[in-house]
Amino acid sequence: LAVISGIALGRQSGFLVGSMSMFVSNFMFGQGPWTPWQMLGMGLVGFLAGLLAEKGFLGKQKLPVLIFGGLATTFIYGLIVDGWSVLSATAEPSWQLAVTIYGLGFPLNLLHGAGTVIFLFFLERPMREKLERIKVKYGMKMFSQAEASRLKKECDYAGSRNKDVYTGHGKAPGKRRNVGKRGFSINRGRSLYEFIKSVQGY
């Protein structure tokens, strides 16, 4: 969830979703002094996902997302959470203790990373599409000036052909009509979002 939210909604949202997911889940799994460390670790995973997405390294291709999710969960989250174990195990932590704890924790971190990869493989695309729809619906998606101008022209043209693009009125529900030069079909209730998706080539 942190990785998908970071990619779709940005690094701030990725950090918030990652940290709060650990906080909320620990009401079921158990709160403790380790909770802030888990929140920090998963928050950083979501933040980095958003940062890499903004730089263009994570986007529509699935493989980079799977690689990042597996590595980030295994090493970044695992490093921070196991760091709590090192600091809390004794009043005088040592390098030998750190190597032992990190070594014992690595198989579990590896399983966590593998589970993240499996989760992202099946659910990354549908969940990200839902979040993209929310961004468009509530005006959270940012467009460049050129994109905004092009979308305005397309929507103005479609709006002159069918009121459903703007208001959801004008035709009985369930019927379809081709709109615009692209021959794009729209449905009442979700027409504007689907229209923008077709224009952007999602």
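Biologist: What percentage of the 202 residues in the protein chain is buried? And which residues of helix α1 are buried, and which helices do they pack against?

Modeller: This is a predicted model. Buried residues make up 36% of the 202 residues in the protein chain. The accessible surface comes to about 12300 Å². Carbon and sulfur atoms hold 65% of that surface. The chain forms seven helices and two strands. Reading from the N terminus, the order is α-α-α-α-α-α-β-β-α. Take the contacts in the chain with a separation of 6 or more: 58% of them join residues 24 or more positions apart.

Now to α1. The helix covers residues 2–9. Seven of its eight residues are buried, so the rest of the structure largely encloses it. The cut-off for buried is under 20% relative accessible area. The buried residues are A2, V3, I4, S5, G6, I7 and A8. They pack against four helices: α2, α3, α4 and α5. Of these partners, α4 spans 62–89 and α5 spans 95–137. After α1 comes G10, which has a positive phi, near 110°.

Start with the partner that comes next in the chain. The axes of α1 and α2 come within 7 Å and cross at roughly 160°. That angle makes the two helices roughly antiparallel, because the cut-off for this class is over 145 degrees. The crossing of α1 past α2 is right-handed. On the α1 side, A2, S5, G6 and L9 make the contact. On the α2 side, R11, S13, G14, V17 and G18 make it. By class, these residues divide into three nonpolar, five polar and one charged. An α-helix has 3.6 residues a turn, so residues three or four places apart point the same way.

Helix α2 is residues 11–29, and helix α3 is residues 35–54. Their axes come within 7 Å and cross at roughly 155°. Therefore α2 and α3 are roughly antiparallel to each other. Here α2 passes α3 in a right-handed crossing. From α2, the contact uses R11, G14, F15, G18, S19, S21, M22, F23 and N26. From α3, it uses T35, Q38, M39, M42, G43, L44, G46, F47, G50, L51 and E54. That contact holds eight nonpolar, 10 polar and two charged residues.

The loop between α2 and α3 holds P33. P33 counts as partly exposed because its relative accessibility is 49%, and the exposed class begins over 50%. P33 and S88 are 55 residues apart along the chain, yet their C-alpha atoms are separated by 9.4 Å.

L51 sits in helix α3. L51 is partly exposed, with a relative accessible area of 23%. The C-alpha atoms of L51 and G10 are separated by 7.2 Å. Along the chain, those two residues are 41 residues apart. G10 is the residue with positive phi that follows α1.

On to the remaining two partners, α4 and α5. They pack at an angle of about 150°, with their axes 7 Å apart. So α4 and α5 are roughly antiparallel to each other. Again the crossing is right-handed, with α4 passing α5. Their contact divides into 16 nonpolar, 12 polar and three charged residues.

R128 is found in helix α5. R128 counts as buried because its relative accessibility is 12%. Leaving out residues up to four places away in sequence, R128 touches I4, I7, A8, G59 and K60. Three of these names, I4, I7 and A8, are buried residues of α1.

To put the part together: α1 is largely enclosed by the rest of the structure. Its buried residues pack against α2, α3, α4 and α5. Within that setting, α2 passes α3 in a right-handed crossing, and so does α4 past α5.

Notes:
Residues numbered from 1 in each chain as written. Predicted model: local features only at pLDDT ≥ 70, side-chain atom pairs only at ≥ 80, totals over all residues. Heavy atoms only, no water. Axes fitted to C-alpha atoms, helices over the stretch in contact; angles between N-to-C directions. Parallel < 35°, antiparallel > 145°, perpendicular 65-115°, else oblique. Left-handed = near helix turned anticlockwise from the far one by under 90°. Contact = heavy atoms within 4.5 Å. Nonpolar A, V, L, I, M, F, W, Y, C, P; charged D, E, K, R; others polar. Buried < 20%, exposed > 50% of the residue type's maximum accessible area, 1.4 Å probe, protein only. Areas by Shrake-Rupley, 256 points an atom, 1.4 Å probe, with all protein chains shown as cover.
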